[in-house]
Amino acid sequence: MDELERVRELYGEPPRPDPAFEARVRARLAGRSTRRRRLSWAVPLAGALASLAAVLITYGVVGGAGTVRDPGPGVAAGRDPAAGRSVLLTAATSAAAEATPRGAYWRVTRRSDPGKVTTLWASRDGRAWTAGPATGTAPRPVAKPFTMAGRPLTLRDIEGLPAEPGALKRRVAALLPPGSGDGTLADAVSGLLWSKPSPPAVRAAAYRLLADLPNVRYLGPGDDPTGRRGQVFAFTLDATGVERILTVDPASSQVLSSADHVAGGKHARGGGGAGTPADRVEVVLTAGWTDEGPATP
């Protein structure tokens, strides 16, 4: 077990392991040894290799594809597309199980780096207010609280979106500017999950749609800037080189944070769950319906 001791010396104590990923590695290596059966010591050796592989995966030395990499702080190794799809489908199931939203106001509170907090309220009758650094302490009316690719949306528009992934993709694509690519589509769909009051069935469809988009990459488990544990995904916005990184809690179906990274840019502190410095970070502190409205003058 000298190799394991060397790993510990180089990388310290491991983060929390991914039991499902470890089990898949053990089963795959053991299965290969069983099929070959060329030597009597093959199965014991496979078990030892599986143990070593699991430790390396846990430490982030070896990724899911067998490549050596440094995943950075907060993110475990293992960019397994099948695992990422499973995570998004779990989030879809959680979203679909949510009760019918109640409350008079949709409220979302975000913290942007370096610590600026902004809250948006939107009432069911179409009125909206925002409060934050740009408006001072008192909430001020806002005319267009919801947009998609620069196009304004009403609460009725959002509530009327399809609850089937294929139909949702077509509807969202029709709302986007002509020539929009997969990055713009992924951005618009992900926005339905935290910046807009999407009904549970629409949120579930959005997660299922993201699970089928080839440009949405799974980066593994990680923490948002406040330390909340989630699962990290990324996609590149069209023609900008900006990589958008989302940290999602699949159990609650909530998006915890959104971070943008520009290659070669001046990075802000933080960086979201991907362990990569980011140029813009937004942490979703609260998002949901409430009867507590803004304290307007």
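Is Arg110 buried or partly exposed? In this predicted model, Arg110 counts as partly exposed, at 21% relative accessibility. Arg110 forms a salt bridge with Glu282. The closest N and O atoms of the two side chains are 3.8 Å apart. This pair links distant parts of the chain. Arg110 lies in strand E1, and Glu282 lies in strand E11, which spans residues 280-290. The two residues are 172 residues apart. Glu282, at 17% relative accessibility, counts as buried.

The structure holds 13 salt bridges. Another of them joins the side chains of Glu98 and Arg203, with an N to O distance of 3.8 Å. Glu98 is partly exposed, with a relative accessible area of 29%. Arg203 is buried, at 6%.

A further salt bridge pairs Arg229 with Asp223. Their closest N and O atoms are 3.0 Å apart. Arg229 has a relative accessible area of 30% and is partly exposed. Asp223 is partly exposed as well, at 24% relative accessibility. Shared partners also connect salt bridges into one network. Its members are Arg110, Asp187, Arg244, Asp260, Arg280 and Glu282.

Conventions: Residues are numbered from 1 along each chain as its sequence is written. This is a predicted model: local features need pLDDT of at least 70, side-chain atom pairs count only at pLDDT 80 or more; totals for chains, interfaces and linings use all residues. Side-chain values use heavy atoms; hydrogens and water are left out. A salt bridge is a side-chain nitrogen of Lys or Arg within 4 Å of a carboxyl oxygen of Asp or Glu. Buried means under 20% relative accessible area, exposed over 50%, partly exposed in between (1.4 Å probe, protein chains only). Helices (H or I, at least four residues) and strands (E, at least two) are DSSP runs, numbered from the N terminus.
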